[in-house]
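I opened this one to see how the chain is laid out and which residues sit inside. My notes follow in the order I looked things up.

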Amino acid sequence: MGVYRKLSCPKCKYVIENWGIAYQVAGQPYMNCPNCEANLDLRSYVKEWFLLNTWSKIGWILRSLYTSVFYMLPATVILYVVIDYFNEQLAREINWGFAWFLLIGIIILFILSMYWDISQSIKRLSDKEYVKILIDRGFTSEEKMNKVLSKYKISF
Ligand SMILES: [Zn+2]
């Protein structure tokens with residue numbers, strides 16, 4: 001979940017519809033245009049987790065939290081409505097249960113989404129060809145990349 005931002009291919013003007021990101025997130029910093037195959041540089045929106053600066057990392061963490069709340073809040077309301085429908089008294093008795101459901105759900109979703117993004121990043125960076133593309137296209141320097149790879153003990 002993010003703020004909608006229209007991103008179109010500079011070559012064929014094809015609009016990449018489902019690009020819902022307005023700030024820097026963790027991911028692959030380039031893609032091919034689905035229409036004309038042109039190579040699109042996404043570095044202003046997307047960078048590998050390990051190459052994000054501290055503020056972008058904090059922003060990314062806050063957005064992951066926000067997304068977790070965004071999904072868990074309606075889920076909790078639905079759970080309450082369903083239980084209340086079948087057993088009004090039970091719904092009232094386990095009041096705090098809903099709060100815990102919400103809180104634990106947010107924490108679990110948050111951890112899962114962080115784990116997913118970072119493990120995907122590690123997976124991509126474990127690919128020698130991918131790292132070569134990042135360096136060749138100037139997404140990062142060889143020096144910085146070597147630092148990241150050794151810091152996080154990523155090997156090919
Ligand atoms: Zn295109």
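These entries go from the whole chain down to single residues.

**Ground rules.** This is a predicted model, and I took local features only at pLDDT of at least 70 and side-chain atom pairs only at pLDDT 80 or more, while totals for chains, interfaces and linings use all residues. Residue numbers start from 1 along each chain as its sequence is written.

**Confidence.** I checked pLDDT, the predictor's confidence in each residue from 0 to 100. The protein chain averages 88, and 92% of the residues score at least 70. A reminder to myself: where pLDDT is low, the predicted coordinates should not be read in detail.

**Layout.** I counted helices and strands as DSSP runs numbered from the N terminus (helices are H or I with at least four residues, strands are E with at least two). The protein chain has five helices and six strands. Along the sequence the pattern is β-β-β-β-β-β-α-α-α-α-α. The radius of gyration is 20 Å, well over the 15 Å that the globule rule gives for 156 residues, so the chain is more spread out than a compact globule. For the record, that radius is taken over C-alpha atoms, and the rule is 2.2 Å times the number of residues to the power 0.38. The C-alpha trace spans about 65 × 40 × 25 Å along its principal axes.

**Burial and contacts.** I call a residue buried if 20 or more other C-beta atoms lie within 10 Å of its own, exposed if 12 or fewer, and partly exposed in between, with C-beta atoms placed from the backbone. By that count, 14% of the 156 residues are buried. Two residues are in contact if their C-beta atoms, placed from the backbone, lie within 7 Å. Of the contacts with a separation of 6 or more, 50% join residues 24 or more positions apart.

**Helix 1.** Next I followed helix 1, residues 54–86. It has 33 residues and reaches 48 Å from its first C-alpha to its last, close to the 48 Å expected at 1.5 Å a residue. The expected span is 1.5 Å times one less than the number of residues. Which residues of helix 1 are buried? I found W60, R63, S64, S68 and M72. Their cover includes strand 3 and helix 3 (95–125).

S68 counts as buried because 21 other C-beta atoms lie within 10 Å. Not counting residues up to four places away in sequence, S68 touches I106, L109, F110 and S113. I also noted that S68 and I111 are 43 residues apart in sequence but 9.4 Å apart in space, C-alpha to C-alpha.

**The core.** I then looked for a nonpolar core, meaning a set of buried Ala, Val, Leu, Ile, Met, Phe, Trp, Tyr and Cys residues joined through C-beta atoms within 7 Å. The largest has ten residues: V25, A26, W49, F50, W60, L125, V131, L134, F139 and M145. Strand 3 (25–26) and helix 4 (128–136) each supply at least two residues of this core.

V131 is found in helix 4. V131 counts as buried because it has 22 C-beta neighbours inside 10 Å. Leaving aside neighbours within four places in sequence, V131 is in contact with L125 and M145. V131 and F156 are 25 residues apart in sequence and 9.9 Å apart C-alpha to C-alpha.

**R124.** R124 is found in helix 3. With 17 C-beta neighbours inside 10 Å, R124 counts as partly exposed. Leaving aside neighbours within four places, R124 is in contact with Q28, E48 and Y130. R124 and E48 are 76 residues apart in sequence and 8.9 Å apart in space, C-alpha to C-alpha.

**Positive phi.** Most residues other than glycine have a negative phi. I noted K13, with phi near 65°, in the loop between strand 1 (7–8) and strand 2 (15–16). Buried or exposed? K13 is exposed, with 10 other C-beta atoms within 10 Å. I also noted K153, with phi near 55°, in the segment after helix 5 (142–151). K153 counts as exposed, with 7 C-beta neighbours inside 10 Å.
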